[in-house]
Amino acid sequence: MLLPRILTALVGIPLIIAAIHFGGIVYMAFVGCVILLCLYEYSLVLTAGKRPVHTVSLMLWGFVMGAVALLGRSHPEGLTLPDNLYPLAISAVLVGILVFEILTPKRSWERVCNTFTGVFLIPWSLAHLINIRDIANYGEYLTLFMIVTVWVSDTGAYFSGRFLGRHKLNKEVSPKKTWEGAIGGTLLAVGGAVVMRNLFLPWMTLQTSVWLGLLVAVIGQLSDLAESVIKRSTGVKDSSNLLPGHGGFLDRFDSYLLLAPVFYYVCIYALKLKI
């Protein structure tokens, strides 16, 4: 299991770093593909667990929410957006999902709730990866800071848990995760954050990089557990087998579901960076 995991990383990591570096339409296309694949896998997971979800509505309104999350912060030239864009979009999604359900035979409130969850959890959150990249002057390096720190945290948690793990973190949600793995991943994430700060973000204080490393590790692991709740409730181990050794795209990008928006707004409001 370790060899496929390493081989997938050797192929995937350079592609992700290249997309971040090029930015613009290249990075937007990359994140857009990730969002669509995650939405598709979310639908697969629920279907495999015999939980109802409206796939067409999920993909359509998921695209809308992802676009709104991006456009609402990027202020594209030549495009006039309403001042109340967010409440307008949420209202449209609310009406749209319910209308889809009304028109669908064998109506199900559970299907409405599952579809809502997918629309707001995946595209809305992951679109913030583009917002982070678009932060003026520092977007590329802040994106690298967050993503590399997550990778380091995941690696530290994997090996710490494998060799030192004794006490289960939450066996009902994720039986393989341990407190030793979580602590090891957090410590390594802080170290990785300090290294990234020294390499790319010299304006950032050492204390800030430590706090950001802790933020990435803690929120990233909580986000991972949140996705595990979905899979555990459906009895599915991996969202797909598209990424050998890693499961699916939803498994690989689950850390960013909660982390991407939190990291973005910390950068904007706590670090006071300009968009």
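Author: Start with burial: a residue counts as buried when its relative accessible area is under 20%. Keep in mind that this is a predicted model.

Reader: Is Thr149 buried or exposed?

Author: Thr149 has a relative accessible area of 1%, so this residue is buried. Thr149 sits in helix 8, which covers residues 139–164.

Reader: Which residues does Thr149 touch?

Author: Leaving aside residues up to four places away in sequence, Thr149 touches Leu144, Ala189, Gly192, Ala193, Gly213 and Val216.

Reader: How is a pair of aromatic rings described?

Author: Two values are used, the distance of the centres and the angle of the planes. Here the count is 13 aromatic pairs. One of them joins Tyr27 and Phe30, with 6.2 Å centre to centre and 25° between the planes, and this pair is stacked.

Reader: Where do Tyr27 and Phe30 lie?

Author: Both are in helix 2 (residues 24–48), and because they are 3 residues apart, about one helical turn separates them. Tyr27 is buried at 2% relative accessible area, whereas Phe30 is partly exposed at 22%.

Reader: Why does the pair of Tyr141 and Phe200 count as stacked?

Author: The ring centres of Tyr141 and Phe200 are 5.1 Å apart and the planes are at 10°; planes under 30 degrees apart count as stacked. Tyr141 belongs to helix 8 and Phe200 to helix 9 (residues 179–200), so this pair ties together parts 59 residues apart in sequence. Tyr141 is partly exposed, at 31% relative accessibility, and Phe200 is partly exposed with a relative accessible area of 32%.

Reader: Which residues form one aromatic cluster?

Author: Tyr27, Phe30, Phe249, Phe253 and Tyr256 do.

Key:
Residues numbered from 1 in each chain as written. Predicted model: local features only at pLDDT ≥ 70, side-chain atom pairs only at ≥ 80, totals over all residues. Heavy atoms only, no water. Helix = DSSP H or I, 4+ residues; strand = E, 2+ residues; numbered from the N terminus. Buried < 20%, exposed > 50% of the residue type's maximum accessible area, 1.4 Å probe, protein only. Contact = heavy atoms within 4.5 Å. Phe/Tyr/Trp six-rings, centres within 6.5 Å; stacked < 30°, edge-to-face > 60°.
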